[in-house]
Structure formats: C-alpha cells, structure tokens
Amino acid sequence: MPIHLVDLPTRRVSVPRDRWGRPLVVPKRGGKPRGLVRTTTYIDCIEDKSALTAWGKRMTLLGTARDPKLLDQMKYLNPETREGKATLDELAERAITAAGANAKRERGTHLHALSELVDQGKELPPGTHPSDIADMEAYRTATACFDVVAMEQFVVVDELGVGGTFDRLLHYAGPGPDGRHIEGPIIGDLKTGSVQYGGVKMAAQLAVYSRGELYDHTTFPVDTRDAGALAAWKKRDVPADLAATAYSHVPGVNQEWGVIIHLPAGESRCTLYWADLRVGWQAARLALDIRRTRSTKGALVPFSSSY
C-alpha cells in the first residue's frame, strides 16, 4: 500500500544554521547542538570542478564587460589582504550575476516550487507563463508512476556527520532498471540543470539521503533571529532520551536505487533516470576518506641536516 503525505507530514520551517550555513542539530545520543556538513558540500570533494571553474571564469569576464563600473571598484584593491579578497569575491559574484549566470538557478528554484504544487494536486498560480505550464505538464506525465510520500524532508546521517534535505520520497511499484520488480519508498531528486556530467555525485547524494534519519528540529525550538537566544541554545546540553525523540526512521527506503527527475527549464520535457545508490554509497564513503585525509596535519616537516 502506498504511503501518503498525511502519514509523513512535511516540516518546512528551516533548520537552525551556524555562520557557515551548516545545519545545527542535537545529536541523537544527546549533548550540545553540533554543526553538520551539508550533503551537497560533503559530496563535492569527489567532483571534477575543472569545467565549473572554467565556466566561472568566462562568466566573470563576460559580466565585467557588461558592467564596466566593476573595474573601477577593483582598481585599487589589494588581493593579498583579507578585506581585498572579500571585496574581490563580492565583485566577482556581481559580475557573474551581470552575465546572467544565476538566471538558470533562479529559474530552477521557480520550477521546484511549481512542481510542489503539482505534487500536491493544486492549481498553478494565475498568470503562470505558458512555458512553465508546459514544463509542469511534462513533469506530471513523467512522474505519474509515483505516489508522493513527502517533500523537502531534512535527514541526518550520523556516521558521516552529514545533514541535508531531499526533494521527494516517492512510492513506486514496478520494474526496476534490471527488470526485477521494485516496490516501496525511493528517494527522488528534481534537477533542472544539465545531468550530462556528475552522475556519480547525484547517485552519492541520493545514497546519503536514503540512509538518513528524519530529524525534527522543532523539538528544540530557537529564534535564530535572536543572537543571544541562539548562543544560549547552542550551549544547551540535551539528555539522550530527549534528543532521541527528534529522530524517526523511514521504513523500507530503497538503498539500491533512487530516481533523478530531469526537468530542463523551458524545454517541455521531463526524463527519469535510475540512480545506482550502491555506486553512490561507495562514493559517499570515499568522500569520508578524502575529507579525513585533507584534514591530516604533519604531512610536511622542516628539513634539517644536523641529525
């Protein structure tokens, strides 16, 4: 029997975060709140970023050409100082925005919001652009084989020290990629950008989500707008029996296969891809090793010939 949204309510209030944007959670074993690595940040270390870096350089140049006033603001900056670096980073981001590089990201956020309305069986807002309507119809058709269990759920994977929010928990009953029957909850993720590259990263992301426990941060409420209240909350030592009440297990989530829902903006098409979570979990474990190795100290020692 499919699980329905009423069985697993969606919690939409944001999880508290520290100044680096890391989600703050009370550990299941109790203790003070701690910052977790965001899932996407955690997986990033296995990705080849050469193409992304080259794209960023191109967009920065293009944006500077479109807004020459940016050049005037950077003429006398010292790139060796902390202040100079921070200002140059800000100006580079403004150049990228001027080049229109963030437009696709904003469009993707917009399509995510519309897809949630579709999954809830609600009407699209009046005045929705015809291309968005066509995209949503393609999305509706492609995902008709799924029942939506939940959306935007925050989960914690304690063994990795990771926390993140998955797009969809879907119930599926039908043939899997190898022809064998699959039935039960699977993790789904909506992508509006290119999926030509980064397949292992996507599989790793879904693999992490599939092994997560739901965390209800409203069990330990705090007004994040009040710096004093947040500071006091971060020092709170929560007993284990109370901390455990914030966590809940999602039974039967498939840990072999997940689904990438590819909805390129403005193309009126939606394509589904199976994501091999076994490969993804291997990559996630590799990311743990890489991150540990990068934090190793003492790889270099001063040279001396007087031993």
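Analyst: The answers below cover the labels for cores, aromatic pairs, backbone angles and helix packing. This is a predicted model, in which local features need pLDDT of at least 70, side-chain atom pairs count only at pLDDT 80 or more, and totals for chains, interfaces and linings use all residues. Residues are numbered from 1 along each chain as its sequence is written, and side-chain values use heavy atoms, with hydrogens and water left out.

User: Why are the rings of Phe154 and Tyr215 called edge-to-face?

Analyst: Rings of Phe, Tyr and Trp (its six-membered ring) pair if their centres lie within 6.5 Å; planes under 30 degrees apart count as stacked, over 60 as edge-to-face and the rest as tilted. The centres of Phe154 and Tyr215 are 6.3 Å apart and their planes are at 65 degrees, so the pair is edge-to-face. Phe154 sits in strand S4 and Tyr215 in strand S7 (residues 213-215), 61 residues apart, so the pair links distant parts of the chain. Both residues are buried (under 20% relative accessible area; exposed is over 50%, partly exposed in between, with a 1.4 Å probe and protein chains only).

User: What makes Phe166 and Tyr209 edge-to-face?

Analyst: Their ring centres are 6.2 Å apart and their planes stand at 65 degrees, so this pair is edge-to-face. Phe166 is in strand S5 and Tyr209 in helix H7, 43 residues apart. Both are buried. Helices (H or I, at least four residues) and strands (E, at least two) are DSSP runs, numbered from the N terminus.

User: How many aromatic pairs does this rule give, and which residues form one cluster?

Analyst: The count is six pairs. Phe146, Tyr172, Trp257 and Trp274 form one aromatic cluster.

User: Why are H7 and H10 called roughly perpendicular?

Analyst: Axes are lines fitted to C-alpha atoms, for helices over the stretch in contact, and angles run from 0 to 180 degrees between N-to-C directions. Angles under 35 degrees count as roughly parallel, over 145 as roughly antiparallel, 65 to 115 as roughly perpendicular and the rest as oblique. H7 and H10 pack at about 90 degrees, with their axes 7 Å apart. They are therefore roughly perpendicular. The H7 side of the contact (heavy atoms within 4.5 Å) includes Val200, Ala203 and Leu206; the H10 side includes Leu277 and Trp281.

User: What makes H2 and H4 roughly perpendicular?

Analyst: Helix H2 (residues 50-66) and helix H4 (residues 82-98) pack at about 80 degrees, with their axes 7 Å apart. That makes H2 roughly perpendicular to H4. Among the contact residues are Gly56 and Met59 of H2 and Ala92 and Ile96 of H4.

User: Which residues touch the most other members of the largest nonpolar core?

Analyst: A nonpolar core is a set of buried Ala, Val, Leu, Ile, Met, Phe, Trp, Tyr and Cys residues joined through side-chain atoms within 4.5 Å. Of the 32 residues in the largest one, Tyr42, Leu160, Leu169, Ile187, Val208, Trp281 and Ala284 touch the most other members. H7 gives the most to this core, with seven residues. A second, separate core of 20 residues includes Val148 and Trp257.

User: Why is Ser268 called partly exposed, and what is its phi?

Analyst: Its relative accessible area is 42%, so Ser268 is partly exposed. Its phi is positive, about 55 degrees, although Ser268 is not a glycine. Most residues other than glycine have a negative phi. Ser268 lies in the loop between strand S9 (257-262) and strand S10 (271-276).
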